[in-house]
Amino acid sequence: LVGAFVLGAVALVLAAVVFLTSGGLFEQRDRFVVFFPGSVKGLQTGSGVTFRGVRVGEVVEVSAFQTGLPDNPIQIEVICEFYGDVVAVPEDVANPYEDLGQEEVVALLIEQGIRARMMSASLLTGQKYIELDFLPEEPARLAGLSRRYPEIPTTPTDIEKMGERRHEL
């Protein structure tokens with residue numbers, strides 16, 4: 001009788017976990033990495049990853065990374081995770097990414113101009129998030145350091161560009 005009670009309690013706890021996570025435990029999530037050469041103050045685990053304002057993932061790890069390069073010996077590695085099926089594809093539209101692996105999808109997106117930028121979520125709290133968009137005219141910064149996950153290039157924000165111009169003067 002006690003064993004049946006314990007098994008019932010365990011089953012209820014598991015059902016609650018699955019219900020509260022909306023099945024997120026069983027959802028496929030792809031990871032990618034971005035590298036920032038400067039400070040990422042305000043970016044933390046759980047920060048959002050958006051595409052044109054739509055939340056498509058979250059930051060799962062932020063760490064300093066020894067590059068071995070003389071001009072930039074340490075960069076900040078940010079590992080992001082995409083939620084499964086973040087872009088809807090209507091039935092009558094061909095999906096060019098359908099039969100591709102993660103590395104091939106990222107390579108195609110880079111070719112089309114995908115860039116990641118760190119943006120401010122709140123000036124009051126200093127929280128940051130990662131914004132993805134197609135910006136083929138913007139320079140792509142690829143560190144080429146990580147082999148764990150595909151790398152998405154970053155591009156400087158407008159504030160970083162103003163700082164670079166000020167240093168050039």
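What share of the 169 residues in the protein is buried? I looked this up in what is a predicted model, where local features need pLDDT of at least 70, side-chain atom pairs count only at pLDDT 80 or more, and totals for chains, interfaces and linings use all residues. Residues are numbered from 1 along each chain as its sequence is written, and side-chain values use heavy atoms, with hydrogens and water left out.

**Entry: burial and surface.** I found that buried residues make up 30% of the protein; buried means under 20% relative accessible area, exposed over 50%, and partly exposed in between (1.4 Å probe, protein chains only). The accessible surface comes to about 11,200 Å², and carbon and sulfur atoms hold 59% of it (Shrake-Rupley method, 1.4 Å probe; for residues, only the protein chains shown count as cover).

**Entry: layout.** I read three helices and six strands, in the order α-β-β-β-β-α-β-β-α from the N terminus. Helices (H or I, at least four residues) and strands (E, at least two) are DSSP runs, numbered from the N terminus. Of the contacts (heavy atoms within 4.5 Å) with a separation of 6 or more, 55% join residues 24 or more positions apart.

**Entry: helix 2.** I then turned to residues 102-111, where Val-105, Val-106 and Leu-109 are the buried ones. Seen down the helix axis, these buried residues fall within an arc of 95 degrees, so they line one face of helix 2; the arc is that of the directions from the axis to the C-beta atoms. The buried residues pack against strand 5 (114-120) and strand 6 (128-134). Glu-103 and Glu-111 are exposed on the other side. After helix 2, I noted Gly-113 with a positive phi, near 105 degrees.
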